[in-house]
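Welcome, and please load the model in your viewer.

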Amino acid sequence: MLQTSINNREMLEIELEDLKSQMRSAASQATSKEAQINEDLHVLRSEHARELHENQSAKAAVEQELLSLKEESTKQQRASQVQVQQLQEEIAALKPLVEQLESEKSACSTEIETLNSRLEQEIQECSAKISTVQESSKIDKE
């Protein structure tokens with residue numbers, strides 16, 4: 001029985017050594033995996049930081065472009081408002097001139113009608129005189 005106990009103890013010591021060896025191997029593998037995970041995590045963090053920096057740079061560029069476009073749009077709106085105001089002022093200044101020209105046009109039309117009427121009357125009078133002179137001339141020749 002003592003021999004059995006010694007044998008059992010030796011077997012247990014062998015199993016214990018085997019288990020210790022397995023634990024060391026598992027610990028070594030775990031350490032290796034942890035190192036690989038840390039390496040992968042470091043790479044991912046570096047990539048994330050680079051992408052974050054690129055995205056922030058792109059965002060800043062887009063925001064700057066947007067700001068520039070807004071400023072340009074505001075300038076163009078102001079310029080358009082000034083042009084519209086100037087055109088409105090010019091139109092307001094031209095209205096009296098247009099009214100005056102329309103009045104003068106009406107007066108000229110009336111005068112032209114009067115002159116045309118007189119001209120027709122004078123033409124008729126001259127035609128009558130010409131006819132009279134022609135008739136007189138015919139009579140004198142006969």
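**Stop one: a charged pair**

Select Arg50 and Glu54: these two form a salt bridge, with their closest N and O atoms 3.0 Å apart. A salt bridge here is a side-chain nitrogen of Lys or Arg within 4 Å of a carboxyl oxygen of Asp or Glu. Before you go on, note that this is a predicted model, where local features need pLDDT of at least 70 and side-chain atom pairs count only at pLDDT 80 or more, while totals for chains, interfaces and linings use all residues. Residues are numbered from 1 along each chain as its sequence is written, and side-chain values use heavy atoms, with hydrogens and water left out.

Now show the cartoon: Arg50 and Glu54 both sit in helix H1, 4 residues apart, or about one turn of the helix. Helices are DSSP runs (H or I, at least four residues), as are strands (E, at least two), numbered from the N terminus. Arg50 is partly exposed at 42% relative accessible area, and Glu54 is partly exposed at 42%. The classes are buried (under 20% relative accessible area), exposed (over 50%) and partly exposed in between, with a 1.4 Å probe and protein chains only.

How many salt bridges does the structure hold? There are 4.

- Select Lys59 and Glu63, whose closest N and O atoms are 4.0 Å apart in their salt bridge. Both lie in helix H1, 4 residues apart, about one turn of the helix. Lys59 counts as exposed at 53% relative accessibility, whereas Glu63 is partly exposed at 45%.
- Select Glu17 and Lys20, another salt bridge, with the closest N and O atoms 3.9 Å apart. They are separated by about one helical turn because they are 3 residues apart in helix H1. Glu17 is partly exposed at 44%, and so is Lys20 at 37%.

**Stop three: a nonpolar patch**

Select Leu94, Leu97 and Val98, which make a nonpolar surface patch of about 260 Å². Patches take residues with over 30% relative accessible area and no salt bridge, joining like charges within 9 Å and nonpolar side chains (Val, Leu, Ile, Met, Phe, Trp, Tyr) within 5 Å. Areas come from the Shrake-Rupley method with a 1.4 Å probe, and for residues only the protein chains shown count as cover. Leu94 belongs to helix H1, residues 2-141, and is partly exposed at 47%.

**Last stop: the cysteines**

Select Cys108, partly exposed at 42% relative accessibility, then Cys126, partly exposed at 45%. A search of the whole structure finds 0 disulfides, meaning pairs of cysteine sulfur atoms within 2.5 Å.
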